[in-house]
Amino acid sequence: MARLTVNGVVREVDAEPDTPLLWVIREQIGLTGTKYGCGIAQCGACTVHVDGAAVRACSLPLSAIEPGQKIVTIEGLAPGADHPVQRAWAQLDVPQCGFCQPGMIMASAALLAQTPNPSEQQIRAEITNICRCGTYNRVLAGIKLAAEGGRPGRG
Amino acid sequence: MGVTARSSRPSRRSLLGGAAAGIFTLGFHIPLPAPADAATLGAAPVAPEVNAWVVVRPDETVVIRIARSEMGQGTLTGLAQLVAEELGCDWARVTTEYPTPGQNLARKRVWGDYSTGGSRGIRESNEYVRKGGAAARMMLVAAAAKGWGVPAEACRAEKGVITHAASGRSTTYGAVAGAAAKMEPPKDVVLKDPKDWTIAGQPLKRLDTLAKLDGSQVYGLDIQLPNLLNAAIRDCPVVGGTVKSFDAKAVAGMPGVRRVLQVGDSAVAVVADTFWRAKTALDALPITWDEGPNAAVSSQTIAATLREGLDAEQAFIGNKAGDVAGALKGAAKVVEAVYGVPFQNHATLEPMNATALWTPERCEVWTPTQNGEAALAATAEAAGLPATQCDVYKIHLGGGFGRRGATHDWVHQVVLIAKEMPGTPIKLIWTREEDMTHGRYHPVTQCRLRAALDEKGALTGLHMRISGQSILAAIAPQRMVDGRDPVTFQGLNPGGPEAAIGYTIPNLLVDHAMRNPHIIPGFWRGVNLNPNAIYLECFMDELAHAAGQDPLDFRLKLMGNHPKHRAVLEAVAERIGWRTAPPAGVFRGLCQTMGFGSYVAGAAEVSVSDAGDLTIHRIVAATDPGHAVNPQQIDAQVAGSFVYGLSAALYGECTVKDGRIEQTNFDTYPVMRLDAMPAVEAILMPSGGFWGGVGEPTIAVAAPAVLNAVFAATGKRVRQLPLRNTDLRRA
Ligand code: FES
Ligand code: FES
C-alpha cells in the first residue's frame, strides 16, 4: 500500500510500485480527468502538479513519489473550476474535442505559477502539449488572458 | 414516448462524482446497462417530447436531440442553434442529448443519418433539423391557442413564451409541452429566412465547454460500470497476418489478470482488473504470428508500384476536356513534375476504445463514434445478435478526423472479448502504439502532371495522372462506380456542388491508375482533397514561374468561369497583401480549391533561415460555405484544420517495413505543437444559396500555400511530402 496526497486528500493505493502515476490516478483513485494520450511523456495529456510543478504522470512511477508530496489533478486545480486559466479558457471557448485540455490547463497553470507574466516566446517554448484539434492559438490567447487575471464569469 | 427511456436512472456523471450541472452543462446521460427485464423503449418519460427533436421539461429546459457526433468540431452547438432558431426557445435553457442508434432503428430512422464525416453534420441535415424545430414550435403554439380557444395564428412565440396579444395572455413552452405532444404534427412547415436568424448564424459560445475545463467531461476512455474489467489488445503487426500461437500460462499469474484470449484470427487480448495490469501482462505475453505474404511489402515496393501506375495504359477518368495529347504535342513548352504524399495516421489524441456488455439476449456498447448506426451494425455483427437486441451509447469523442466513422474495428474487437465473458462489462483501450500501427491511413498516392504552355505562356493543356490507393475500394466498395473511385478526384471534378476544379483548361485529362497496397486506408480529415490541392496548386505555381508570370495573375486568367473560386482567392490575396512587397526575408504563396461543398483559398507568409529552418508567420484562409451557422466555431475549425494539415505536410509520414507501419508513437510521428503554430486569419464570406462544410475544406489549402511560399523563399520545390525530408538550406 502506498500513500498519496491527491487534491488534498490522503489516499491508500494498492498498485505495483512501477505503475505510472497516471494509471494510479485514473484506476486506483478513480479521477479520470487526467488523460492518457501516449504513455511516453510526448503529449502532455496526463499533466498533473506534483508540489506545484507540472509533471507528465504517464512516465512517473508510483515509487518515485515521496511521502508528503502534494499531487493536484485537474479536478482539484481550483474549487468551482475558478482558476484564472479555467476562467480564461471559458471566456475564449478554448477546447475543441477537449481531450488534451486537462493537460493543457495544468501545464498552463504551472507555467503561470512560475512565470506570472510570460512572454509569447516563453509560452511557445514551455507549452509543449499536443492538441490534435489545433487549439494552439486559443491556448496562447488564454494564457495571456489568464496572466492578466482573466475577467470574471463567462460570456 | 420518451427517448431517454432511462433518464430517471442515475447518470454516470453523478456516479463519477463529476461537476455540478449548470444550465450550460450538457445533459448527456451515460446510461447504465439495462436490467435484463427492462423495457428499453417506451418506458415512461420524464418529460414529454413535443416531437422527435425537442423535449421541453416543466422547468423550461429545452432538450434538443442531436443525431450527429460531437468530436470537437462544434456540430452539437451548431445543430442545436438551428433547431433552437426555428423553435423560438430561450438559448440559455438549451441542453442536448444523443438519441441512441438503437432508438433510431426502432423509430424508423426518425433522426436520419448518424454519420458525422465529410463535413456533413450541418450541411446535410440542416433542413430537417430546422423543420423539426419549426414543427415543435407550431405544435406548442397550437396547444396554447387551443387552451385559450383562440386561433393559433393570433399567437406568437418568442424565447419560449407564447403570447396572445389581443387578450394579453401568455404561457410558456414548459407549461404546454404535454398538450403540444398530443397535437397533430403540422403538414406544412415554413422555415425562416436565414437573414432573420437571431440564434443560428451567431457566434455563440459552445454548449460543451465547461465540462471540458474541470475534468468532468466523460470520454470513452473514462467509462466506469459496476464490475467492469479492462482489456489490452495486440493485433498482428502485419495487416492480413494471423495469430499462430501464444503462451497464456506465461502471464496468467501476473497481478490482476483474469483472462488471456485470442480475438478473431489476428489478435490477442489480456483482460485484467485494471488497464495498466492488462497492458503489462500483454507486453510480457509471448505471441508468434503468421505474418503472411504482406510481410514482404515496404515503402520502397509500394513506391515502385505507384511509379509504374504513372505510366500505365489503363486508368479511370475523372475529368476530360478537349485533346490533351494533341495540346502537349503542339506546345511551345511542356512542363512536367511528379509529386507524392505518404500514409498518415489520424492520431486522435484519445486512442481507440470501447466498452461492451454482452449477454445471450443483448449487447450494449459505449464508444466514441462518428457514426452510431455503423457502430451498431458492427456491434450486432460481432455479437451474433439482431440489431434490435443491441444498442450503442455514443460518448464524446477525443478527436475523430475520420478514424471513428467508416470502420469500427475496435468495436468488433471489444464485442468479441465481451462475448467470451458474458455479463461482465469489458473496456478495451488501445495503446498509442496499437493505434499508430493499426490505423486507417490517409491513402498513399503519387501524381504526374504534364502541362502545355503556348508561346505567350498560356496554359493550353494539362494531364494529371494520379497513381495510388483508393479508399472506397478498401472500405466501401459498394460506393465505387463501375470500378472507379470518385473520391479520388475530389477538387478536380468538372463541375457539381461538391468539389469542382476552379480553372477552365481547354485540354484537360485527370485520371487515376488504382494501385492498392495492403495497408488499409480511410477517410482522413480532408480526404483526397489534400493531395489533390497540393498536386494542382503547387504545379500551378510551377507553371506560373515557367511562364514568367505572377502566380496570382496566372491563375486568375483561368478562372473567368469560376467566380466563387476566384472570389476566395482574391480575398486571401488582398488580405495577405499580395500586390505589395512583403517584409524583408518574408515570402508568400497562395492557392485555392473547392471541396465538401465549400470554396476555399489560402495564403501564407514564411521565412527560411540560413540553417534551413522554416517559420510560418501567418496564414490567411477564406471560406465560402454558402451559409455560416456559427462564425466563431468556423474560425476555430479553420485554425484547427491548419494544424492538422500542416502537421502532415511538414512532419507526418507513416512508412512501411516488413509489411508493418514503422512509426509507433508521437516521438516517431511528430505533429505540430504550439511553438510552430502560425497566426491564422480566417475570412468567412458566405455568399448564400448553398450549404458547404467547414470542418475539412481549409485543411487542403494550408500545405500548398506554405509549399509555394517555401519555393519563393528558397527556390526549392518540395514535391515529396513531408517537407522535413527536404534540406531547405540555400544551395
Ligand atoms: S500520456 Fe503522458 S505525456 Fe502523453
Ligand atoms: S481539443 Fe482535441 S486534442 Fe486538443
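**Rings, charges and cores in a predicted model**

Mentor: Ring pairs link A:Trp23, A:Tyr36 and B:Phe275 into a cluster. Please keep in mind that this is a predicted model.

Trainee: How many aromatic pairs does the structure hold over all chains?

Mentor: There are 11 aromatic pairs over all chains. One of them is formed by B:Tyr339 and B:Tyr535, with 6.3 Å from centre to centre and 55° between the planes.

Trainee: Why is the pair of B:Phe343 and B:Tyr441 called edge-to-face?

Mentor: The angle between the planes of B:Phe343 and B:Tyr441 is 70°, and their centres are 6.2 Å apart. Planes over 60 degrees apart count as edge-to-face, therefore the pair of B:Phe343 and B:Tyr441 receives that name. B:Phe343 lies in the loop between S14 and strand S15 (353–358) of chain B, and B:Tyr441 in the loop between helix H12 (432–437) and strand S19 (445–453) of chain B, 98 residues apart.

Trainee: Are B:Phe343 and B:Tyr441 buried or exposed?

Mentor: Both B:Phe343 and B:Tyr441 are buried, which means that each has under 20% relative accessible area.

Trainee: How do you know that the charged end of B:Lys394 sits over the ring of B:Tyr98?

Mentor: The charged end of B:Lys394 is 4.3 Å from the ring centre of B:Tyr98. The distance limit is 6 Å, and the charge must also be within 35 degrees of the ring normal. The charged end of B:Arg525 likewise sits over the ring of B:Tyr644, 5.8 Å from its centre.

Trainee: Which residues touch the most other members of the largest nonpolar core?

Mentor: Of its 175 residues, A:Leu4 and A:Trp89 do. Helix H18 (residues 699–714) of chain B gives the most to this core, with 10 residues. Apart from it lies another core of 45 residues, including B:Ile64 and B:Leu207.

Trainee: What makes A:Val9 a contact of A:Leu4?

Mentor: Contact requires heavy atoms within 4.5 Å. Beyond its neighbours within four places in sequence, A:Leu4 is in contact with several residues, among them A:Val9, A:Leu21 and A:Ile71.

Definitions and conventions. Residues are numbered from 1 along each chain as its sequence is written. Chains are lettered from A and ligands numbered from 1 in the order in which they are written. This is a predicted model: local features need pLDDT of at least 70, side-chain atom pairs count only at pLDDT 80 or more; totals for chains, interfaces and linings use all residues. Side-chain values use heavy atoms; hydrogens and water are left out. A nonpolar core is a set of buried Ala, Val, Leu, Ile, Met, Phe, Trp, Tyr and Cys residues joined through side-chain atoms within 4.5 Å. Buried means under 20% relative accessible area, exposed over 50%, partly exposed in between (1.4 Å probe, protein chains only). Helices (H or I, at least four residues) and strands (E, at least two) are DSSP runs, numbered from the N terminus. Rings of Phe, Tyr and Trp (its six-membered ring) pair if their centres lie within 6.5 Å; planes under 30 degrees apart count as stacked, over 60 as edge-to-face and the rest as tilted.
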